[in-house]
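My entries follow in the order I made them.

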Amino acid sequence: MSRLIVVSNRVTQASAGKATGGLAVGVHDALQGSGGMWLGWNGEVSSDDNPNPPSASATHDGIDYCTFPLTHRDYDRYYRGFSNATLWPAFHYRADISRYRREDYEGYLQVNRDFARRLAPMLKPDDVIWVHDYHLLAFGRYCRDMGITNRIGFFLHIPFPAAEVFRTVPPHRELAQAMCAYDLLGFQTQADEHAFTDYCVRFLNASREDHGMSVEGRQVRTGAYPIGIDPDDVARMSRANRTRQVVALKSGLADRKLIISVDRLDYSKGIVERFNAFERLLEHGPGHRGSVSFVQIAPTSRSDVLGYREIRRDLERSAGRINGKWGELAWTPLRYMNRSYERSVLMPLMRASQVGLVTPLRDGMNLVAKEYVAAQPPEDPGVLVLSEFAGAACEMKEGALLVNPYDVEGMALTLDRALRMPLAERAQRHEVLMRRLRAYDLAQWRDSFLADLRNAGQHGAPGGRPALELQAVGL
């Protein structure tokens, strides 16, 4: 069986047998099943004195890990700059705060090329390469430039925006051409897939074909592969002995109902709007005052990226206002925590909650929504309130209560409905959602993508070279 090579922006030691997140678990299992290697940044930042810091190799559980640091210059331009100050906001429909600098784009291309340079000498002829996420849109193009003819697939974990939004990224054409160097392009939803193919038809003169496109004589397969979870694993974790944190929270709640949200601190998650909806619930539903508490867990991330400090300050002000206005001596309406918790703590918390509130303004999938459902006790399940702009809404619309996160009043009314929903309806909705989670779980996502990648096209370099000319950006 051919060896699997995984390439992603970040590889952490947790991936070596201690993986906890959906992506890490799925990739780790795939690598164990076929044997292979995981290549990426180790999370460290070195001085700029050595522009090519050496790679480090390690083997755990039969998987080879090849990791390396980024220089300060590469970190600033590739990671903080183009990846997270340009692509991330634009792909989440926040072109108004997307910031583009040519030197950041040059740094992005440089690091993508460096990833390919590090991988090339380690490849075997029949290796299959699986590349992950927006940090590495141009990686496949550089692999082809280096003569790599292996099958290369790419999976985008975040949304792909509509063509007119994508065009707000100045080098949009070069990036789309670079993406067409991959044999298989995977997206979370059909809407994301259609957005990309629509752009290519309109601006790259691509022609649609079965399961993909033809771009300058090259066949590129595309598909929607919604990432899942392992629902049985989540259920087992949620039933485990309750940790000290869970016991403390439940004792503080007394007989109150609990609404829970778990997000990485990010402007795309709609947390400010969520806080406003909870305040509106208390304002117009006096019966909920003193009888329901809202826990928001939002660990900080990318604190050195422009805009993240501002969103944290906004949330702290909102939480203070809500608790100051509505709180009582024996009741804190909103508990807002900027720290991370192990999944062994989060899953029992979700199980103990009557409402899971997942309302991003835009999200590729959102696995928290799926974990909340899987963590619920079937005999007395909670209700998932889910944004219609999360990728998960495509799969979970028949069991979740969908909301528009820009409609604060509508979210408040939906929260009221969720808190009052009778057991029979909650159980029926939970059963529908669990059937979906089991049919499209993490293993199905991984296996279907890799099967399509191994069957995609013919080995060989692209028929037509996309015009991603390094000279044009000064490299």
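**Entry 1: the sheet with β14 and β15**

I began with strand β14 (residues 355-358) and strand β15 (residues 383-387), which pair in the parallel sense over four bridges. The model is a predicted one, and I read it as such. Within this pair I found V358 opposite L386 in β15.

Next I checked strand β5 (residues 128-132). Five of its five residues are buried, so β5 is largely enclosed by the rest of the structure. I sorted the residues by face: V128, W130 and H132 lie on one side, I129 and V131 on the other, and both faces are covered.

I looked for the pairing partners of β5. Strand β1 (residues 4-10) runs parallel to β5 and is joined to β5 by five bridges. In that pair I noted S8 opposite H132. β5 also pairs with β6 in the parallel sense, over four bridges. There V131 stands opposite F154 in β6.

**Entry 3**

I went on from β6. Strand β6 (residues 152-155) and β7 run parallel and are joined by three bridges. F155 stands opposite G186 in β7.

Are the residues of strand β7 (residues 184-187) buried or exposed? I checked both directions: L184 and G186 point one way, L185 and F187 point the other way, and all are buried.

β7 also pairs with strand β10 (residues 218-224), in the parallel sense and over four bridges. I looked up the bridge partner of L185 in β10 and found T222.

**Entry 2: helices α13 and α16**

I turned to a helix pair. Helix α13 (residues 367-375) and helix α16 (residues 423-439) pack with their axes 10 Å apart and at an angle of about 120 degrees. The two helices are therefore oblique to each other. I recorded the crossing of α13 past α16 as left-handed.

Which residues make the contact between α13 and α16? From α13 I listed K370, V373 and A374, which meet H430, L433, M434 and L437 in α16. By class, I have five nonpolar residues, one polar and one charged in this contact.

**Entry 3: the chain as a whole**

Last, I noted the totals. The protein chain has 17 helices and 16 strands. I have 57% of its 475 residues down as buried. For contacts in the protein chain with a separation of 6 or more, I noted that 78% are between residues 24 or more positions apart.

Technical notes. Residues are numbered from 1 along each chain as its sequence is written. This is a predicted model: local features need pLDDT of at least 70, side-chain atom pairs count only at pLDDT 80 or more; totals for chains, interfaces and linings use all residues. Side-chain values use heavy atoms; hydrogens and water are left out. Buried means under 20% relative accessible area, exposed over 50%, partly exposed in between (1.4 Å probe, protein chains only). Two strands pair if DSSP finds at least two bridges between them. Axes are lines fitted to C-alpha atoms, for helices over the stretch in contact, and angles run from 0 to 180 degrees between N-to-C directions. Angles under 35 degrees count as roughly parallel, over 145 as roughly antiparallel, 65 to 115 as roughly perpendicular and the rest as oblique. A crossing is left-handed if the near helix is turned anticlockwise from the far one by less than a right angle, and right-handed if clockwise. Contact means heavy atoms within 4.5 Å. Ala, Val, Leu, Ile, Met, Phe, Trp, Tyr, Cys and Pro count as nonpolar, Asp, Glu, Lys and Arg as charged, and the others, Gly among them, as polar.
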